[in-house]
Amino acid sequence: MLGERFSRRSLFGAIGGMLAVAATVPAWASVGACGVAPEPDPIDHPTGTDELVLRIAVSGGFVPPQVAISEVPQLSLYGDGRAITTGPVIDIFPTPALPNLRQIRLTEAGVQQVLAAAREAGLLDGDKSYANTTVADAPTTTFTANAGGKTTTVTAYALGFDADPTWSAEESEAIAKLQAFAGSAIDLASRVDPANVVSGDEAYPTDRLQIVAQPIDPSLATPEPNDPTQNQPPMDWPLATPLTEATPITDLLGADQDFRCGVIAGQDAATIVQAALKANVLTPWVSEDARYLVTFRPLLPDETGCPPRPAETAATPLAS
């Protein structure tokens with residue numbers, strides 16, 4: 001169901017729950033968090049521009065496979081202090097073809113402030129996983145922290161939904177901390193000290209992106225006039241390289257369909273972005289006289305894009 005596909009997170013309470021919590025959580029302390037006394041030594045972390053320090057990603061749940069492969073993390077913080085987040089989504093249907101990604105840049109003191117809050121939320125204490133037996137088909141929130149000399153992964157299924165009565169008091173407290181941290185971290189600019197923000201909210205410049213293309217059933221070439229999932233004006237694929245050159249994906253998240261995935265960079269990426277700004281998520285793209293539904297996913301500094309390819313296909317980028 002295409003309508004469900006593109007309102008995927010409105011089906012769940014996770015993000016709404018996080019933002020509701022964010023509104024009630026005080027700003028993080030300049031050093032340390034939630035009243036915790038600061039440690040004398042800074043928290044060690046990678047410092048490279050493409051080295052991930054902290055990530056919050058919401059994925060899975062009852063969504064079509066092409067949506068699952070295009071999910072963008074809610075927060076990605078890198079070693080140089082750049083933090084990339086998902087911005088507000090315009091309340092229209094169909095939604096724009098490109099996600100709204102934003103970025104800010106923190107000083108090292110700002111990175112330490114975030115890591116101190118992450119430590120208080122239990123994200124530097126080792127891998128953990130929290131379930132919720134009262135909710136079905138909900139997403140999972142995954143926290144990844146690369147700090148303090150180790151990489152820690154904490155997952156929480158159905159974060160922001162009603163509490164599971166089987167949770168222990170310790171689990172309930174830990175999950176509440178995760179939810180509070182997630183809600184605050186989505187809006188870093190208002191949570192860290194202003195002096196620790198080098199540059200404020202601005203659009204994330206997309207110089208690489210992943211595309212996932214799926215052929216549209218030819219029987220839908222004459223759409224139902226009152227069906228917005230079909231009645232969208234087509235656009236020509238703007239690159240000389242056709243979509244058939246993208247790498248076939250077999251068994252995409254269990255879906256037995258003809259998906260193709262490609263990575264586009266440089267000037268070609270700029271060309272795609274300019275074209276996609278005029279499109280929405282239901283726009284048919286015409287390549288070699290065939291129509292495709294194309295999902296656009298900006299790639300973050302540490303990402304390579306596309307799932308593992310079949311052994312017999314080349315791993316070459318899609319380019320004109």
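**View 1. Ring pairs link Trp 237, Trp 285 and Phe 296 into a cluster.** Rings of Phe, Tyr and Trp (its six-membered ring) pair if their centres lie within 6.5 Å; planes under 30 degrees apart count as stacked, over 60 as edge-to-face and the rest as tilted. The whole structure, a predicted model, contains 2 aromatic pairs. Residues are numbered from 1 along each chain as its sequence is written, and side-chain values use heavy atoms, with hydrogens and water left out. In this predicted model, local features need pLDDT of at least 70 and side-chain atom pairs count only at pLDDT 80 or more, while totals for chains, interfaces and linings use all residues.

**View 2. Trp 237 and Trp 285 form an edge-to-face pair.** A pair of aromatic rings is described by the distance of the centres and the angle of the planes. For Trp 237 and Trp 285 these values are 6.0 Å centre to centre and 85° between the planes. The pair links distant parts of the chain, 48 residues apart: Trp 237 is in the loop between strand S10 (235–236) and strand S11 (247–249), and Trp 285 is in strand S13 (residues 284–287). Strands (E, at least two residues) and helices (H or I, at least four) are DSSP runs, numbered from the N terminus. Trp 237 counts as buried because its relative accessibility is 8%; buried means under 20% relative accessible area, exposed over 50%, and partly exposed in between (1.4 Å probe, protein chains only).

**View 3. Trp 285 and Phe 296 form an edge-to-face pair.** Their rings lie 5.6 Å apart, centre to centre, with 70° between the planes. Trp 285 belongs to strand S13 and Phe 296 to strand S14 (residues 290–298), 11 residues apart. Trp 285 is buried, with a relative accessible area of 1%, and Phe 296 is buried at 4% relative accessibility.

**View 4. An open sheet is formed by 8 strands.** The order is S5-S7-S6-S1-S2-S3-S4-S8, with mixed pairing. Two strands pair if DSSP finds at least two bridges between them. Strand S5 (128–130) and strand S8 (197–203) are the edge strands, each pairing on one side only.

**View 5. Strand S3 (residues 82–86) and strand S4 (residues 101–106) run antiparallel.** They are joined by 5 bridges. Thr 85 has Arg 102 in S4 as its bridge partner.
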